[in-house]
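Please read the following report alongside the sequence and the three-dimensional model.

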Amino acid sequence: MRIVSVDVIPLRASLTPPRGPSILTYQRRETLFIKLQTDSGLVGWGETYHLAGVEGALRHVLTPLLIGRDAMQLRALHTEMRSATFDNGFAVGGMDLALHDVCGKALGVPVHQLYGGALRSSVEAYASLPGYYDDRDPEEHWVEEAVELQRRGFRGMKFRVGRFDPRRELPILNQVRQTLGPEARLMADGNAAYSPEQSLRMADGLGELDFEWLEEPVPQAGYLGYPQLRAKMDLPLAGGEGLLNRPAAHSSLERGCFDIVQPDVSICGGIGETLFVGELARLSMVRCIPHCWAGAITLAATLHVTALLPEISRMPGNAAPLLEFDVTENPFRDDVVLGDPFAVRDGCVAVPSRPGLGIEIDEDALRQYGAQSG
């Protein structure tokens with residue numbers, strides 16, 4: 001099954017209204033879709049983040065490397081892609097998803113079956129909230145949004161925090177806890193907004209509210225300072241969405257950076273790499289809960305991975321992996337797939353059973369957003 005073409009498709013859509021985490025406000029969403037076609041007529045779809053240099057690596061390095069090659073040679077191609085891009089996890093990760101998708105379709109099995117089959121038929125999803133408005137205070141909308149998400153069936157949700165002092169935000173989060181009740185799973189993501197001292201203050205307050213973790217509260221470059229911060233925090237410290245490869249993951253786990261590691265399939269090099277990080281984490285008794293803030297293809301791949309990840313202990317159902325479900329306005333998930341493959345029912349999303357990633361891309365809808373990317 002030879003690869004005959006690779007199309008890299010940049011997508012862009014404005015956010016209405018703009019929203020964002022602690023450190024910035026997003027005016028638009030952007031992503032890169034990848035369409036890989038084979039001489040058998042089968043098509044594989046990939047996705048990655050539209051960061052500087054990634055599109056060029058996909059077009060000018062990986063596409064020439066793959067044309068004419070056998071798409072079923074996943075391991076060999078992955079090794080060559082790594083070498084050719086000097087371990088660019090973003091570029092390799094996006095192409096890796098497309099290769100997995102087409103291989104699953106060729107064999108007539110879902111991607112998780114390529115790794116021996118899913119450990120669970122559905123995965124609990126937590127809502128990953130959009131964060132802040134520039135013209136509205138969090139006091140005006142955090143509780144209301146939490147109630148609506150609970151009504152939609154989410155049992156857990158993660159708040160973007162850190163734009164304001166913990167002494168202002170903790171009382172709002174206390175209102176959220178009191179409104180949703182003790183059974184709701186609550187998490188917080190600082191998006192690198194805090195100093196170490198502020199991180200500890202916020203973590204102490206979140207611990208009193210029975211939050212499950214504080215995510216990446218300080219800058220993520222090399223995850224320097226994370227072991228020291230973790231040693232002082234009683235609340236679990238989560239991080240690792242920026243890990244680009246397995247050496248970076250190994251180093252961070254060896255140094256004791258996280259209680260929960262969060263590799264992203266489209267950042268760390270793909271599906272097999274994310275599973276490898278998950279197994280490394282389990283050896284260190286660290287939970288693996290993948291990061292996902294992207295479109296339909298990355299979400300589908302993350303769903304397969306989360307269904308494959310082992311639990312950290314031998315007790316079934318104890319601390320099972322969770323699916324991060326972005327509830328920011330997301331046309332690259334909601335508008336470009338046929339059907340409703342990511343429906344949340346009783347707090348869970350069913351693991352795909354169709355071949356490949358298990359979703360069908362609506363290319364007519366895709367063109368609408370491609371035209372906006374210029």
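Apart from neighbours within four places in sequence, Gln 198 is in contact with Pro 166 and Ala 193, contact being defined as heavy atoms within 4.5 Å. The model is a predicted one, in which local features need pLDDT of at least 70 and side-chain atom pairs count only at pLDDT 80 or more, while totals for chains, interfaces and linings use all residues. Residues are numbered from 1 along each chain as its sequence is written, and side-chain values use heavy atoms, with hydrogens and water left out.

Gln 198 sits in helix H6 (residues 196-208); helices (H or I, at least four residues) and strands (E, at least two) are DSSP runs, numbered from the N terminus. With a relative accessibility of 27%, Gln 198 counts as partly exposed, where buried means under 20% relative accessible area, exposed over 50%, and partly exposed in between (1.4 Å probe, protein chains only). A polar atom of the Gln 198 side chain lies 3.0 Å from the backbone nitrogen of Ser 195.

Asp 101, in helix H3 (residues 89-107), is buried, with a relative accessible area of 2%. The side chain of Asp 101 reaches the backbone nitrogen of Trp 45 at 2.9 Å, and a polar atom of that side chain lies 2.8 Å from the backbone nitrogen of Leu 357. Leaving aside neighbours within four places in sequence, the residues in contact with Asp 101 include Val 43, Gly 44, Val 111 and Gly 356.

Helix H4 (residues 142-151) has Trp 142, Val 143, Glu 145, Ala 146 and Leu 149 as buried residues. Seen down the axis of H4, these buried residues fall within an arc of 160°, so they line one face of the helix; the arc is that of the directions from the helix axis to the C-beta atoms. They pack against strand S1 (3-19), strand S4 (122-128), strand S5 (156-160) and helix H5 (166-180), whereas the face of H4 turned away from the buried side carries the exposed residues Glu 144 and Arg 151. Following H4 comes Gly 153, whose phi is positive, near 110°.

Which charged side chains pair? A search of the whole structure finds 28 salt bridges, a salt bridge being a side-chain nitrogen of Lys or Arg within 4 Å of a carboxyl oxygen of Asp or Glu.

Arg 59 and Glu 55 both lie in helix H1 (residues 54-66), four residues apart, about one turn of the helix. An α-helix has 3.6 residues a turn, so residues three or four places apart point the same way. Arg 59 is partly exposed, at 35% relative accessibility.

Arg 201 is partly exposed at 37%, and Asp 165 is partly exposed at 28%.

Finally, a network of salt bridges links Arg 82, Asp 87, Arg 246 and Glu 273.

Conventions: Polar contact = N/O pair within 3.5 Å; in protein donor to acceptor, adjacent residues only side chain to side chain.
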